[in-house]
Amino acid sequence: MKNIVLATKNEGKRKELETLLAGAAAVYSLRDYPDCPEIEETGETFVANARIKADYVAQFTGLPSLADDSGLAVDALDGSPGVYSARFAGEEKNDGKNNEKLLHCLEGVPREERTARFICALVYKNPNGEAIEVEGTCEGEIVSEPKGTNGFGYDPLMYIPQLYKTLAELSSEEKNRISHRGKALQKMKAEWEKSGM
Ligand SMILES: O=P(O)(O)OP(=O)(O)OP(=O)(O)OC[C@H]1O[C@@H](n2cnc3c(O)ncnc32)[C@H](O)[C@@H]1O
Ligand SMILES: [Mg+2]
């Protein structure tokens, strides 16, 4: 079984990725490398940022690394907060404040115009330089008040019309089945199979 270091400091992501990788890889994370410095996300796209994180952590640890850069693109906000999703309400990366700001930005916007999607770019990088890049998306609508307590980040605001629930009202298994992250990881597993990496 391959060893992988997850290049993330986000506990919500770490848990989901660990569950999704169970049986496929032995998983470490930056919790196991507390000396790994903060990695600056200077890219303009999700995949560019995931590449930066995967490269850095593969070099730093000498092990294959899997990075996730993700976020929410809201149509009524021309795709914002996008790559700024974590820092939408400031550098401190506060989920509650980010959600408040998003609701504030969408005040008065009618339901039919509140469509949005989560995007997850995954980059897998071997210390020898080989890489695999995939992306997954999850479509929904931004509700006008938070609902549900599961998940993390913007989950309480992301309503999935087909399920009549927000992502935060789903169990982790249900979320993983339909989420941007779950879909991206399915693609990654297929690429691992194909390439033998
Ligand atoms: O960069 P790392 O260390 O992985 O952790 P991060 O939290 O900074 O992660 P990102 O830079 O990828 O920013 C993504 C933000 O988008 C949000 N997000 C991503 N996936 C999400 C999900 O499945 N549910 C809810 N919010 C999500 C969440 O608020 C994250 O902070
Ligand atoms: Mg980040």
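This is a predicted model: local features need pLDDT of at least 70, side-chain atom pairs count only at pLDDT 80 or more; totals for chains, interfaces and linings use all residues.
Seven strands make up an open sheet, and the order across it is E2-E1-E3-E4-E5-E6-E7, with mixed pairing. At the two edges you've got E2, residues 25-29, and E7, residues 165-166. Each of those has a single partner strand, so one side of each goes without a neighbour in the sheet.

As a quick reminder, strands in a sheet pair through backbone hydrogen bonds, in either a parallel or an antiparallel way. Both kinds turn up around E3. With E1, the strands run parallel and two bridges join them. If you want to find that pairing on screen, look for leucine 6, whose bridge partner in E3 is leucine 66. With E4, E3 pairs in the antiparallel sense, over 10 bridges.

Now the helix I wanted to show you, H2. It covers residues 46-61, so to speak a run of 16 residues, and from first C-alpha to last it reaches 22 Å, close to the 22 Å expected at 1.5 Å a residue. Which residues of H2 are buried? They're Phe46, Asn49, Ala50, Lys53, Ala54, Val57 and Ala58. Look down the axis of H2 and those buried residues fall within an arc of 155°, so they line one face of the helix. And what do they pack against? Three strands: E1 at 2-6, E3 at 65-74 and E4 at 115-125.

On to the ligand. Around ligand 1 there are 22 residues, and the closest are Thr8, Asn10, Ser85, Ala86 and Gly153. The elements giving two or more residues to that shell are E3 and helix H3, which is 95-105. The largest share comes from E3, with four residues. By residue class, the shell around ligand 1 splits into four nonpolar, nine polar and nine charged.

Lysine 93 isn't a glycine, yet its phi is positive, about 60°. Is lysine 93 buried, partly exposed or exposed? Partly exposed, with 15 other C-beta atoms within 10 Å.

Tyrosine 164 is another non-glycine with a positive phi, this one about 55°. You'll find tyrosine 164 in the loop between E6, residues 158-160, and E7. Tyrosine 164 counts as exposed, with 8 other C-beta atoms within 10 Å.

That's my tour. If you keep one picture in mind, take E3: it pairs with E4 over 10 bridges, the buried residues of H2 pack against E3 among other strands, and E3 gives four residues to the shell around ligand 1.

Methods
Residues are numbered from 1 along each chain as its sequence is written. Chains are lettered from A and ligands numbered from 1 in the order in which they are written. The expected span of a helix is 1.5 Å times one less than its number of residues. A residue is buried if 20 or more other C-beta atoms lie within 10 Å of its own, exposed if 12 or fewer, and partly exposed in between; C-beta atoms are placed from the backbone. The arc is that of the directions from the helix axis to the C-beta atoms. Two residues are in contact if their C-beta atoms, placed from the backbone, lie within 7 Å. A residue is near a molecule or strand if its C-beta atom, placed from the backbone, lies within 6 Å of it. Ala, Val, Leu, Ile, Met, Phe, Trp, Tyr, Cys and Pro count as nonpolar, Asp, Glu, Lys and Arg as charged, and the others, Gly among them, as polar. Two strands pair if DSSP finds at least two bridges between them.
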